[in-house]
Amino acid sequence: MDATSLRLISGLLLFVYTASQFSQANNRPNYYGKLIGALEMYAHGIKGDVYAVDDFTIFIKGFCYDGTGPDAFFWVGNSTSPSPQSYIVPYPEVEKGREPEVLKAYNNTDIILKLPDGIRIRDIKWLSVWCRRFTVNFGVVYIPAHLKVPKTKMLPEFLRLAHGLRSGNITILDSKTFYIPNLHYDGAGPDAYFFVGNGVEPNTFGTKVPNERKSLAPLRGYQGEDIEIVLPDNLTVYDIDWLAVWCVQYKHNFGHVMIPKDLNVPPALGQTKITTSSTPTPPLSKHELTNCKEMLQGRVQVQWEMIGEDIQIKVSGRIREDQYVAFGLSGNEGKSEMIGGDVVVIAYNNRTGKFIAEDYYMSDYAQCDGRKGVCPDVRVGGKNDAVLIHGERKNGVTTVTYTRPLRTNEPVKDRMIPNEETSVIAAIGPLNSRAEANAHHSFDRTTEDIRIDFTSRNVHDCKNSLYDIPDMSDVKPWPPAIIKNETWFSARIGPAGGKRGYTRITGESAWGIAWYINDMLIPEITVERGKTYTFIVEGGNDPANPARYHPFYITDSPEGGFSQKTERQQMAQRLYAGVDYGADGYPYPTAAGRYCEWVHKTVDMSAVMETFESFFETLKLECDKGEPAKLVWTVAEDTPDLVYYQCYTHNNLGWKIHVVNNAHMAVPLLSMVTVTLIVSMLQFLR
């Protein structure tokens, strides 16, 4: 069995294990803390199951009381049985010094009680519903003597693997909440999130966790902040094995902490006080909706919420002022089909200064002729069922909020929105002179089947806030660096330079880091055939830590990542230096030295630095102990004019090497040609 098959089987087993764990999580009974017992009823229909939440908090599940007692309160004490010499537990809670309310009637109500004046569960022997006026016990539960009350659990700090990630000791506050103190992260990972899952180490079969702002945008930089994050949906700490900072796009672990199995932490019942974040959560605007879906490589985001018989939708697109975004229901369920699609076109009309939310029906890939094509409903005998609520254009993003009914009276032109998942489509195209959507053969459109349940809540599939991402055209890239007439090079790792660096230079996505050659970001190098060049490589030599393992090699592949490729793909690559083959015929890298990385002194400042030189001043060099590797390359005569220095284990870290003829080779070559011609002429003359 080959290595690829083993990896596939391993991945499948991990997937099955993870799926089973998450299935167990979904089937797990709700967790309310440590069960104390059921209330014993003596009068007035008292019922309820009582749980210890933490040292100071009690939860009653399904509390019942008829409310007819004249002076009844929750009552706790440390005597052998309920008595007048005890304490009222106010419910609802009241400010200190105010008289607590007499209990009203409750029917199967869930209740959280906060013990007063620093009293702990260990200090009491019972909880009662007590009538103070008549000194009568309506119902009671007794606290076991050795009850193990749930407590917060302190964990180690994040394992420090990449991008300056570090923290203080992480604390599990309750079954869904993590407190992460003194968090540091440079923010340079392109697609990094808090991530949880199962297994002995972080892997791709995980789940994103919203940040402290309850957002699923890729993580920003942190400089010693104290934050709290909450697990999504039905997940609890009992369902996961690890918490990580994970790059989804490049499948890399920047650091993680393992979750022990012997937990006895408080349940997440809303009692945990979320006040630690040094960055306040921004208030939701009146146009903020609870669900979000991303399309067209992140250039379009759709938010929605059902309101009665209508759907309120907010469409945001990174588009020009002369472009539109169309979003709506696919013309064919189960696939992305524009023909027959029922969409709303949103745009900004810069001639009138007004925003557009117009109901369209697409009967053909053509401009609307009043009968067929990409037509507003009003031009083909229908009406506009989209009601414009709000529009704005900022930082290259057009955003329009509108409502449309779930059902209309135009069954031919409008499709009903079902109460289940349905196929949706989106497109970007140019506006015509009528400020209408212009059919265009090259417009961008969805091609995969994207499905949305418009009745759902809290769907967070958007990676970024479009407003937080500078338009590529608004950010001036750094000019590419060039190295000529050098024979010795240092090769280290450093940040990719955000929107000004690797991505703009190469046109390819970066995953946060790239090669720094002679302390320059992916310079273009010129070498001569026949000459020898030396690279001092400090890209990491520990294969067990893939985020810091970047052997250096030279290839004809503009992508690199030789070890990630299949055998067939490897055979298609030509190798010029940095790779050798063992006795078993398998390739291995030869230039893997200690790890040295240029890291951010604070957070990624590339967006505000006009030059690479000024950006470089915001970095500092950190090196592991050990020795660098040395790659010596004599450029062969048959080396093509363009090759690349790359990372053996990862894609898209390096850039171009231009190969030219040695200036001294031209004269001998010319002389040889001349001699050959002279000899031929002499033979002819004979």
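C131 has a relative accessible area of 1% in this predicted model, and this cysteine is therefore classed as buried. C247 is likewise assigned to the buried class, because its relative accessibility is 0%. The cut-off behind both assignments is a relative accessible area under 20%.

Two further cysteines, C596 and C623, are joined to each other by a disulfide, with an S to S distance of 2.0 Å. The torsion about the S-S bond is about 120°, so the disulfide is right-handed.

The two partners of this bond can also be described by their accessibility. C596 counts as buried, because its relative accessibility is 0%. C623 has a relative accessible area of 34% and is therefore partly exposed; this class lies between the buried limit of under 20% and the exposed limit of over 50%.

Of the 686 residues in the chain, 50% are buried. Among contacts with a separation of 6 or more, 66% are between residues 24 or more positions apart. The accessible surface of the chain amounts to about 33500 Å², and carbon and sulfur atoms contribute 52% of that area.

Technical notes:
Residues numbered from 1 in each chain as written. Predicted model: local features only at pLDDT ≥ 70, side-chain atom pairs only at ≥ 80, totals over all residues. Heavy atoms only, no water. Disulfide = S-S within 2.5 Å. Buried < 20%, exposed > 50% of the residue type's maximum accessible area, 1.4 Å probe, protein only. Contact = heavy atoms within 4.5 Å. Areas by Shrake-Rupley, 256 points an atom, 1.4 Å probe, with all protein chains shown as cover.
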